[in-house]
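Subject: Structure for you to look at

Dear colleague,

I am handing over the structure below, together with an account of what was found in it. Please keep it open beside this message as you read.

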Amino acid sequence: MSSTPVLPSHMRALVIDSTGGPDELHLAELPLPAAVSDELLIRVVAAGVNPIDAKTRAGTGPAAVIPAYPAVLGNDFSGVVVRSPYESFGLQPGDAVYGMARAPRIAGTYAEYVAVSAMSVSRKPAAVSHIEAAGIPLAAMTAWGMVTLAQAGPGQRMLVHAGSGGVGHFAVQFARHLGAHVIATGSTASVGFLTRLGAHEVIDYSTTRFDDTLRDIDSVIDLIGNVHDNTGTRSLTVLRPDGLLVNAPTGSWPTMLAEATAAGVRATGYKVSADARVLDTITALIDNGTVRVNIDQVFDLADGAAAHRAIEGGHTRGKIVLRVTEADESAA
């Protein structure tokens, strides 16, 4: 068992003092978070940036539950345990871990330290760096939940919208791994990338309307909804009778259920849970080379505003990550 390191009283964090544009993000000195009950205290090496972070910063999504300001955003992290819940717990100081926090209800991962429930922390995959690992948890667990809810498997034809994005690029790989015939939509520049990920068919949305060419699809992984070009509504027309659409941007399409019922198909929203058991399954797929994470851009913590502008601009291929502290190469 490793000894507990001496910790500083304060840490660097990227915070907002109010909701608004990307420039609301700025560096501040905050007290270290206190780990209680089953929580681990983790030194964050890298933090993933997700669309939900930008929505929260802008004042939508879960922004309503921010308890106080300054607020630390960020859900994904990869780092090193510095305090463990008890002496014989399975993760001890010095262990390299990754997982998902529950910002903004509690302080997030855009900081040098984070306190996180043990139920949402797993050992970091040995095959990837902290930078790569930080891009995995929220997006990969969302993708896994969506494709398994849709019962991806042999003989099933599954359409994945926005297949080159953070969630999408995992959904394509998971669905292929589980045996489904995967059709992905993406831009012209993403066709080769989606093919390399394992998509059996790629539809370039700039040249082809998917609903002009597809029919009798078993399930749709909808990562767009009706935010753009009524993608969600159009997706209902390509499903077979009683087929299933699983939608992640649940606030984008309030008439989804009524439209699905009228079309004779099924639809459901999906929200991810921070679950170490699911993350352990994903870790194994990362370590054996079945699934990979693609990091599109890496920003220093001080450049968080630029990272948010990048993710709000769309067209991200995989994930955007913040570099928070230096990696400890001796971590287990």
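The protein has ten helices and 16 strands. Its radius of gyration is 20 Å, close to the 20 Å that the globule rule gives for 332 residues, so the protein is as compact as a globular protein of that length. Please bear in mind throughout that this is a predicted model. The C-alpha trace spans about 60 × 40 × 35 Å along the principal axes of the protein, and 55% of the 332 residues are buried.

Turning to the sheets, six strands form an open sheet in the order S11-S10-S9-S12-S13-S14, and their pairing is parallel. Strand S11 (201-204) and strand S14 (266-269) stand at the edges of this sheet, and each has a single partner strand, so one side of each is left without a neighbour in the sheet. On average, and with direction ignored, neighbouring strands of this sheet are turned by 15° against each other. At one end of the order, strand S10 (residues 181-186) pairs with S11 in the parallel sense over four bridges, and Thr185 has Ile203 in S11 as its bridge partner. Helix H3 (residues 137-149) packs on this sheet, where it touches strand S9 (157-160), strand S12 (217-222), strand S13 (239-247) and S14, while the direction of H3 makes about 160° with that of S13.

H3 also meets another helix: the axes of H3 and helix H9 (residues 276-287) come within 10 Å and cross at roughly 100°. The two helices, H3 and H9, are therefore roughly perpendicular to each other. On the H3 side the contact is made by Pro137, Ala140, Met141 and Trp144, and on the H9 side by Val278, Leu279, Thr281, Ile282 and Leu285.

There is also an open sheet of three strands, with the order S2-S1-S4 and antiparallel pairing. Its edges are strand S2 (26-31) and strand S4 (71-72), each of which has a single partner strand, so one side of each is left without a neighbour in the sheet. Strand S1 (residues 10-16) pairs with S2 in the antiparallel sense over six bridges, and His10 stands opposite Pro31 in S2.

Note on methods. Residues are numbered from 1 along each chain as its sequence is written. This is a predicted model: local features need pLDDT of at least 70, side-chain atom pairs count only at pLDDT 80 or more; totals for chains, interfaces and linings use all residues. Side-chain values use heavy atoms; hydrogens and water are left out. Two strands pair if DSSP finds at least two bridges between them. Axes are lines fitted to C-alpha atoms, for helices over the stretch in contact, and angles run from 0 to 180 degrees between N-to-C directions. Contact means heavy atoms within 4.5 Å. The radius of gyration is taken over C-alpha atoms; the globule rule is 2.2 Å times the number of residues to the power 0.38. Buried means under 20% relative accessible area, exposed over 50%, partly exposed in between (1.4 Å probe, protein chains only). Angles under 35 degrees count as roughly parallel, over 145 as roughly antiparallel, 65 to 115 as roughly perpendicular and the rest as oblique.
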